[in-house]
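Here is a short briefing for a reader who is new to this structure. Look at the sequence and the model first, then read on by topic.

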Amino acid sequence: MPEVAVRELTMAEAVREALAEEMRRDPRVFIMGEDVAEAGTPFKVLSGMVEEFGKSRVIDTPISEPGFTGIAVGAAMTGMRPVVDIMFGDFLTLVMDQMVNQAAKVHYMSGGAWKVPMVLRTTLGGGRRSAAQHSQSLHAWMSHVPGLKVVLPSTPYDAKGLMKTAIRDDNPVVFFEDKMMFKVKGPVPVEDYAIPFGVADVKREGEDITIVATSSMVPVALGAAKMLEEIGISAEVVDPRTTWPLDEKTLIESAKKTSRAIVVDEGYERYGVTAEIASVIATGAFYDLDAPVKRIGAMHVPVPFSPPLEDATIPTEQLLFETAKKMCKR
Amino acid sequence: MTTAANESKTGATLGAEQLLHIYRQMTRIRSFEEQVNELYLRAVMPGLSHLYSGEEAVAVGICEALRPDDYITSTHRGHGHCLAKGATPDRMYAELLGKEAGYCRGKGGSMHIADPASGNLGANAIVGGSVGMAAGAAFSAKMRGSGQVAVCFFGEGALGQGLLYEVLNLSKLWNLPVIYACENNMYNEYTHYSETTAGEILARPAAFGIPAEAVDGQDVRTVHAVASRLVGDARAGKGPSFLLCNTYRYRGHHVGDVNREYYRAKQEETTWLNTRDPIKILADWMISQKLVEQPALDKIQAEVKSEIEAAVAFALKSPYPGVDQVEEDVYA
């Protein structure tokens, strides 16, 4: 058997490795954000980067998210490939004009004359007891906007391969990392690879019900699938990996095969990612479905601080298990 | 903070040929805008446009100090900047009419004209929305060592936007080759700037340690002389600067803003038009200096008139984009 060069890396290490390899490959790539250099970000994702690439390519900024995001847009238009770090996904609200009215629209408004090849890295997810302004999952906002691409890796392997694609893409890409998963380990090949956008990954095959899960909810879905297996229900777990472009085909095919689907995502349920994906499945697999598509998202409340309250707002394995069990009439 | 009203007497001097070119560029912008108004009145142009008439010396004075590969960002009142940086009237009219031959293939319109060939990163319909983009272009130029500079045009209305101050801070910290050209035409839409602007305008960039000065924005020679110095400084690695150009908007906020008495007096408009017109100021000076005689200026006026007429005709007869193009260019 040929030796396969695979190691275990954490999510943070996988992201860092992708960034470092791309920065070695392409001198136009640079990183900009708050405490990205010596601090390596509060999550330590970028530890060691400034030592290798120097302060001219790993650039600490003032606490001015719209300002440095705007600078990234202009730099991207004029020959650079910036990777902007927005520490908490909640701060996306501060950069909405730069991302939504500028980055996302420059290519279209200029009739294709200008391009904005930039990546905005940010985080999502609750569970850190960080309360309402540091816990949101706002990827639905970004997915709503034509001109942006939105990436949600759930494993170190996906994180590295998708980050490479994000950096090489000629469009503004918003890359969401789950704060709680940075230390999760997984196999990552040594050799260079990239994962194309718009290709869902079946994280677990099953026959009775499809669970479509994104980012932080993929491990939750896999946990629920294990519980379901114990009572004789075979659940398939599908991770779209990018909410735009969206691999509608794989989602629909899986739902057709199993005849039931639940969509779970840590964003707010109302008008959220789950609504869009449920609609795609309901439309595409209608004649093969034995039950209405079910959605589970974060509760429609600001994320509370108190642990029992916060825990109540985030979808759990138990909730997913109960919901799937009921849909399968067990 | 300094004022540089007399810089043109001591600073960069312009030869007769460049002065005539500047005269032609200002005339071109004025004629262009008059025809935009006509197209609006004839209901040929979709939507609205914000006319630059009266402010020509700012765009032309500054852009004449730039290299072709230098960058600019522009505003909703952007036709003057686009023309001054090198765009041509035919494709601009085509864009204003939503035609495929336009700079943005009809997808941008009046407020979004962009042109990589002339370094125009685009007009921008978010007030102050492009200050980051301009600084980013300067940042990129510095990183690439290209020697390019960026000029960020914005109106005094953008002084109310927080993004401006974040970016002023960043551009000084990072010593970026960017010139912030604040066009004070005195009105934030329909409100006099004195009602919206606390303190002294120049004190704001000065607080970041950015060299800041005011010029008479109706005197193109002064604008050009000061801009040349600031552009030279930026190119020499001396960092950002802020140029406050005091000017006046002859027309309304947009072409549909015709009854303006409720926010400014007719008398004020006619005074500026009759005594502070930038094209007339330049023409009078050139004649007084015996650099040119009136017939030569009349000839330029006539040439520009026929150029503009031909450009309008080109745009009118150009086809609209096919509906099949609506989904093109969402992604690169």
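A:Ile262 has A:Lys294 as its bridge partner in E14(A). The model is a predicted one. The points below begin with the sheet around this pair, then turn to another sheet, the chains and the helix contacts.

- Strand E13 (residues 261-268) of chain A and E14(A) run parallel, joined by four bridges.
- These strands belong to an open sheet of five strands in chain A, ordered E9-E11-E10-E13-E14. The pairing in this sheet is mixed.
- The edges are strand E9 (201-204) and strand E14 (294-298) of chain A. Each has a single partner strand, so one side of each is left without a neighbour in the sheet.
- On average, neighbouring strands of this sheet are turned by 25° against each other, direction ignored.
- Helix H9 (residues 273-284) of chain A packs on the sheet. H9 touches strand E10 (209-213), E13 and E14 of chain A. The direction of H9 makes about 160° with that of E13(A).

**Seven-stranded sheet of chain A**

- Chain A also holds an open sheet of seven strands, in the order E3-E2-E4-E5-E7-E6-E12. Here too the pairing is mixed.
- Strand E3 (58-60) and strand E12 (242-244) of chain A are the edge strands, and each pairs on one side only.
- Neighbouring strands of this sheet are turned by 20° against each other on average, direction ignored.
- Three bridges pair strand E2 (residues 29-33) of chain A with E3(A), in the parallel sense. A:Met32 has A:Ile59 as its bridge partner in E3(A).
- Helix H6 (residues 156-168) of chain A packs on this sheet. It touches E2, strand E4 (81-86), strand E5 (119-124), strand E6 (149-151) and strand E7 (173-178) of chain A. The direction of H6(A) makes about 160° with that of E7(A).

**Backbone details in chain A**

- The peptide bond from A:Trp244 to A:Pro245 is cis, and its omega is near -5°. A:Pro245 sits in the loop between E12 and helix H8 (248-258) of chain A.
- A:Asp35 is not a glycine, yet its phi is positive, at about 55°. This residue lies in the loop between E2 and helix H2 (49-53) of chain A.

**The two chains overall**

- Chain A contains 11 helices and 14 strands. Its C-alpha trace spans about 60 × 50 × 45 Å along the principal axes.
- A compact globule of 330 residues would have a radius of gyration near 20 Å; chain A has 20 Å, which agrees.
- Chain B contains 12 helices and eight strands. Its C-alpha atoms fill a box of roughly 55 × 50 × 40 Å, taken along the principal axes.
- For 332 residues, a compact globule would have a radius of gyration near 20 Å; chain B has 19 Å, which agrees.

**Where chain A meets chain B**

- Chain A gives 34 residues to the contact and chain B gives 35 residues.
- On the side of chain A that touches chain B, the elements giving two or more residues are helix H3 (65-77) and helix H4 (96-109) of chain A. H3(A) supplies the largest share, 11 residues.
- That side of chain A divides into 15 nonpolar, 16 polar and three charged residues.

**H6(B) and its helix partners**

- The axes of H3(A) and helix H6 (residues 131-144) of chain B come within 6 Å and cross at roughly 55°. These two helices are therefore oblique to each other. Their crossing is right-handed.
- Among the residues making this contact are A:Gly70, A:Val73 and A:Gly74 of H3(A), with B:Met133, B:Gly136 and B:Ala137 of H6(B). By class, the contact of H3(A) with H6(B) has 12 nonpolar, seven polar and no charged residues.
- H6(B) also packs with helix H7 (residues 162-173) of chain B, at an angle of about 15° and with axes 9 Å apart. H6(B) and H7(B) are therefore roughly parallel to each other. The crossing of H6(B) and H7(B) is left-handed.
- B:Val131, B:Gly132, B:Ala135 and B:Ala138 in H6(B) meet residues in H7(B) including B:Leu163, B:Leu164 and B:Val167. The contact of H6(B) with H7(B) has seven nonpolar, two polar and no charged residues.

Conventions. Residues numbered from 1 in each chain as written. Chains lettered and ligands numbered in written order. Predicted model: local features only at pLDDT ≥ 70, side-chain atom pairs only at ≥ 80, totals over all residues. Contact = placed C-beta atoms within 7 Å. Nonpolar A, V, L, I, M, F, W, Y, C, P; charged D, E, K, R; others polar. Axes fitted to C-alpha atoms, helices over the stretch in contact; angles between N-to-C directions. Parallel < 35°, antiparallel > 145°, perpendicular 65-115°, else oblique. Left-handed = near helix turned anticlockwise from the far one by under 90°. Pairing = 2+ DSSP bridges. Rg over C-alpha atoms; globule rule 2.2 N^0.38 Å.
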